[in-house]
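Subject: A structure for you to look at

Hello,

Here is the structure I promised to pass on. Please open it beside this email, and then read on for what turned up in it.

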Amino acid sequence: MATKLDIKGKWNEVKGKLKQKYGELTDDDLMFTSGKEDELYGRLQQKLGKTKEEVRKLIEDI
């Protein structure tokens, strides 16, 4: 399981892969701000129609 620090450290790579897989995602959707991970998950949940756990797993699997 990826930690918040792991996600922050490789966020640009993760962001690029998410944009390739889900073309409807914008830079605003994928904006990562330290301490505001829940906001990021919420934006992705709304945009992709997935649960918070599904979004977390999606990010961790990249």
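A word on terms before the tour: helices (H or I, at least four residues) and strands (E, at least two) are DSSP runs, numbered from the N terminus. This is a predicted model, so local features need pLDDT of at least 70 and side-chain atom pairs count only at pLDDT 80 or more, while totals for chains, interfaces and linings use all residues. Residues are numbered from 1 along each chain as its sequence is written, and side-chain values use heavy atoms, with hydrogens and water left out.

The overall layout

The protein has four helices and zero strands, and its elements run α-α-α-α from the N terminus on. Of its 62 residues, 27% are buried; buried means under 20% relative accessible area, exposed means over 50%, and partly exposed is in between (1.4 Å probe, protein chains only). Among contacts with a separation of 6 or more, 38% join residues 24 or more positions apart. Contact here means heavy atoms within 4.5 Å.

Two helices that pack

Two packed helices are described by the angle between their axes and the distance between the axes. Helix H3 (residues 37–48) packs against helix H4 (residues 52–61) at an angle of about 105°, and their axes are 9 Å apart. That makes H3 roughly perpendicular to H4. (Axes are lines fitted to C-alpha atoms, for helices over the stretch in contact, and angles run from 0 to 180 degrees between N-to-C directions. Angles under 35 degrees count as roughly parallel, over 145 as roughly antiparallel, 65 to 115 as roughly perpendicular and the rest as oblique.)

Which residues of H3 and H4 meet? From H3 come Asp-38, Tyr-41, Leu-44, Gln-45 and Leu-48, and from H4 come Lys-52, Val-55, Arg-56, Leu-58 and Ile-59.

Gly-42 also lies in H3, and at 24% relative accessibility it counts as partly exposed. Its C-alpha atom is 9.0 Å from that of Val-55, 13 residues apart along the chain.

The core

The largest nonpolar core has 14 residues, and those with the most contacts inside it include Trp-11, Leu-18, Tyr-22 and Ile-59. (A nonpolar core is a set of buried Ala, Val, Leu, Ile, Met, Phe, Trp, Tyr and Cys residues joined through side-chain atoms within 4.5 Å.) Helix H2 (11–21), H3 and H4 each supply at least two residues of this core, and the largest share, four residues, comes from H3.

Tyr-22 touches Leu-48, Lys-50 and Leu-58, not counting residues up to four places away in sequence. Val-14, placed in H2, is buried with a relative accessible area of 1%.

An aromatic pair and a loop residue

How many aromatic pairs does a search of the whole structure find? It finds one. The rings of Trp-11 and Phe-32 have centres 5.6 Å apart and planes at 35°, so the pair is tilted. (Rings of Phe, Tyr and Trp, its six-membered ring, pair if their centres lie within 6.5 Å; planes under 30 degrees apart count as stacked, over 60 as edge-to-face and the rest as tilted.) Both Trp-11 and Phe-32 are buried.

Lastly, look at Asp-28 in the loop between H2 and H3. At 56% relative accessibility, Asp-28 counts as exposed.

Enjoy exploring!
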